[in-house]
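Hi,

Here is the structure I said I'd pass on. Have a look first, and my notes follow below.

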Amino acid sequence: MRIFLVLLIGSACCLFPNLNLLAQAEREVVQMQPMIMVIPFAKEGENIRTVLEDDIVRRVVVTKVQEGFDTRGFTTVDFLAKLKAAELDGIITSNDQSDIKSQLAEYSGADIYTEVEAYYEESPDGKNAVRIILKGFDAFTGQALGSKTGSSPKFITADFSKLAEKALERREGNVQVDMIEEFLNVMQSNFIEINEIGRAIKVMFVLDQNAEYDFDAETADGSILEYKIEDWIDENAYLNNYSPAKTIGPRILFDQVRIPLREEGRNYTPNKFGRELRRAFSNVKLTEFPDAKLNLAVEVRGGTLYVTFK
Amino acid sequence: MISIKYWFGLLCVILLFFNCRSKIVYQDNAETIFNDKPAPGVVSVTSVGYGSTVELAETDAIQRAFKNILFQGVPSYTGLKDPMIYDRTEVEKIKPTLFSDFFATNEYERFIAGQSDVSVTGQYKRPRSFRVKKSLSINYEQLRKHFERNGAVKKFGY
């Protein structure tokens, strides 16, 4: 009986040797991807809410661009669905088009916009064309991630959606132009650069309205608060890559601070950067208030870090 | 009667002659031009190849078409004007035989969506070689996905 038990346990060990290892095996970290939304450009006087419903050309181009992303295995955020959801949730509170875009950016969680512009070029002789402009940019920093423009050849036709397709894929001399493939390739080369030099975020330092000090306040170690902020950004920006500080009234703005996509093999987010910043300044004391520590509120909205000194 | 030693010596000389002749190496070129886009994700190109026989030159033309798409780009089609593999050397540091195996095992053939007969455009005597043109359609979308799975091409995104 004992021999039988020993044999049974031994076989179990042989059949399942790696159970322990499997349990402990480190899972591969999946890189967090940006959320991309394809949106139509709304000209002055146009309502971004209805521009797709009113304009077949922009609808065709937006769909073609979304298809392009799908072909690369990348799912985009649907603009119309998000807009309708935002309206239902009462998020859209303004009629100003740039406000609607900002409100939608925050609500949708999109990191990157691909904006589609389409212009009709009608001539008196009936030969028409369509010009298309594609632009990709970071929703929060405004950093350009790619742009392409092109016109269709002129045809005697009123089918502008067909002209739009001709603008997206056309022959120019000996060269075949494929706007969407080119646009995606440019975006991808920018993504590769972001992998190498870090992702750009915006960092804004503001003073709470009840704060009893300003950014010129002297710190306990003999420095100035504004300099400490700049020094911290200088030390913690990825590869020391950041744009110089801009002082705008009671605010200090860094338009672009690079943070890595990963740190120690794990995804690194603006939230983590904000936490490190808060931890660093929580031990800073001001000469004027030697017994009090600085109180910071850090809020992350998309790709922008808002740091409020209280 | 000629001795066996003489015949053996002659055989050695003949063997040495054929082995010491330098092999013809045809340099990589960018002689791949865009023809048409017959379907989404498929590109039709004409490529020039060289070889000591027409069959070898045809294979060379087909492989050059793939090499241009992968490593050099096809300037006459803006969707592929940048090479699919951004940095071949970096990839080969991690996977040294990825590309050589791809061509040596003819794995590239499964991405050929169509091809026409080869046409001989040149014949050279010294060394004996042929220059041919070959038109073929390549499913570059699936080619990209294949190398994304192998880690040679970065998937779209970060």
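The contact between the two chains draws on 31 residues from chain A and 20 residues from chain B, with contact meaning heavy atoms within 4.5 Å. About 2200 Å² is buried between chain A and chain B, and carbon and sulfur atoms give 55% of that (buried area is the accessible area, 1.4 Å probe, that two parts lose on being put together, summed over both). On the chain A side, Arg72(A), Gln176(A) and Gln188(A) lose the most area to chain B, together 24% of what that side buries.

Before you go further: this is a predicted model, where local features need pLDDT of at least 70 and side-chain atom pairs pLDDT 80 or more, while totals for chains, interfaces and linings use all residues. Residues are numbered from 1 along each chain as written, chains are lettered from A and ligands numbered from 1 in the order written, and side-chain values use heavy atoms, leaving out hydrogens and water.

Now chain B. You'll find five helices and five strands there (DSSP runs: H or I, at least four residues, for helices; E, at least two, for strands; numbered from the N terminus). From the N terminus on, the order is α-β-β-α-α-α-β-β-β-α. Chain B has a radius of gyration of 20 Å, well over the 15 Å from the globule rule for 158 residues, so it is more spread out than a compact globule (C-alpha atoms; the rule is 2.2 Å times the number of residues to the power 0.38). Its C-alpha atoms fill a box of roughly 80 × 40 × 20 Å along the principal axes.

Cheers
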